[in-house]
Amino acid sequence: MNFDFLPNDILFPLLKYNMDKITEIRLRLDFPILITYDNNRTYLSSDLSKDKGNTLICKKEYIDYIINNVCEYSVYAYNDKIQNGFIKLMIKKWILWEMT
């Protein structure tokens with residue numbers, strides 16, 4: 001799967017994983033980015049460590065960037081799906097977010 005819709009701050013750490021085993025990327029504003037990898041949930045970090053000090057925190061600009069790219073800058077066309085809180089990207093790949 002092509003992950004070009006992600007900002008580099010998220011994409012580069014993800015490239016350290018086997019991308020075929022990533023089934024979910026969960027984004028919550030001002031919370032650590034959570035991924036489901038090989039049926040296990042883990043926080044995304046810049047160095048694959050389990051140290052919570054290295055986890056990436058989701059910023060509003062990440063969510064804006066992703067939504068615009070996934071919706072091809074036509075957010076209106078995806079409005080119903082966005083209101084449900086997620087957009088299905090491919091067969092099993094999901095990106096989820098929660099804006100508080």
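Predicted model: local features only at pLDDT ≥ 70, side-chain atom pairs only at ≥ 80, totals over all residues.
**Strands, turns and a core**

Residues are numbered from 1 along each chain as its sequence is written, and side-chain values use heavy atoms, with hydrogens and water left out.

Helices (H or I, at least four residues) and strands (E, at least two) are DSSP runs, numbered from the N terminus. Two strands pair if DSSP finds at least two bridges between them.

So how confident is the predictor? The pLDDT is its confidence in each residue, from 0 to 100. The protein chain averages 76, and 64% of the residues score at least 70. Over residues 90-94 the pLDDT is below 50, and beyond near neighbours in sequence that stretch has 14 contacts in the model. Contact here means heavy atoms within 4.5 Å.

Now the overall layout. The protein chain has 3 helices and 5 strands. Reading from the N terminus, the order is α-β-β-β-α-α-β-β. Take the contacts between residues at least 6 apart in sequence: 49% of them join residues at least 24 apart. Of the 100 residues in the protein chain, 39% are buried. For burial, the cut-offs on relative accessible area are under 20% for buried, over 50% for exposed, and partly exposed in between (1.4 Å probe, protein chains only).

Back to the strands. β1 (residues 22-28) and β2 (residues 34-37) run antiparallel too, joined by 4 bridges. Who faces whom? In this pairing, Ile22 stands opposite Tyr37 in β2, and Arg26 stands opposite Leu34 in β2. The two strands form a hairpin with 5 residues between them, and Asp30 in that turn has a positive phi of about 65 degrees.

Thr36 stands opposite Arg41 in β3. Thr36 is buried, with a relative accessible area of 11%.

Now look at the loop between β2 and β3, where we find Asp38 and Asn39. Most residues other than glycine have a negative phi. Asp38 is not a glycine, yet its phi is positive, about 55 degrees. Asn39 isn't a glycine either, and its phi is near 65 degrees.

In soluble globular proteins, nonpolar side chains tend to be buried together. By nonpolar core I mean a set of buried Ala, Val, Leu, Ile, Met, Phe, Trp, Tyr and Cys residues joined through side-chain atoms within 4.5 Å. The largest one here has 23 residues, and those touching the most other members are Leu6, Ile10, Leu14, Ile25, Ile33 and Leu44. Which elements give two or more residues to this core? They are α1 (8-14), β1 and α2 (60-70). The largest share, 5 residues, comes from α2.

Not counting residues up to four places away in sequence, Leu14 touches Leu6, Met19, Ile22, Ile25, Ile35 and Leu44. Met19 from that list sits in the loop between α1 and β1. Why does Met19 count as buried? Because its relative accessibility is 17%. Met19 and Phe3 are 16 residues apart in sequence and 9.0 Å apart in space, C-alpha to C-alpha.

Helix α2 also holds Glu61, which is partly exposed, with a relative accessible area of 48%. Glu61 and Pro7 are 54 residues apart in sequence, and their C-alpha atoms are 9.0 Å apart in space.

Last stop, a charge over a ring. That's counted if NZ of Lys or CZ of Arg is within 6 Å of the ring centre and within 35 degrees of the ring normal. Arg28 lies over the face of Phe31, at 3.9 Å from the ring centre.

That's my tour, thanks!

Note on methods:
pLDDT = per-residue confidence, 0-100.
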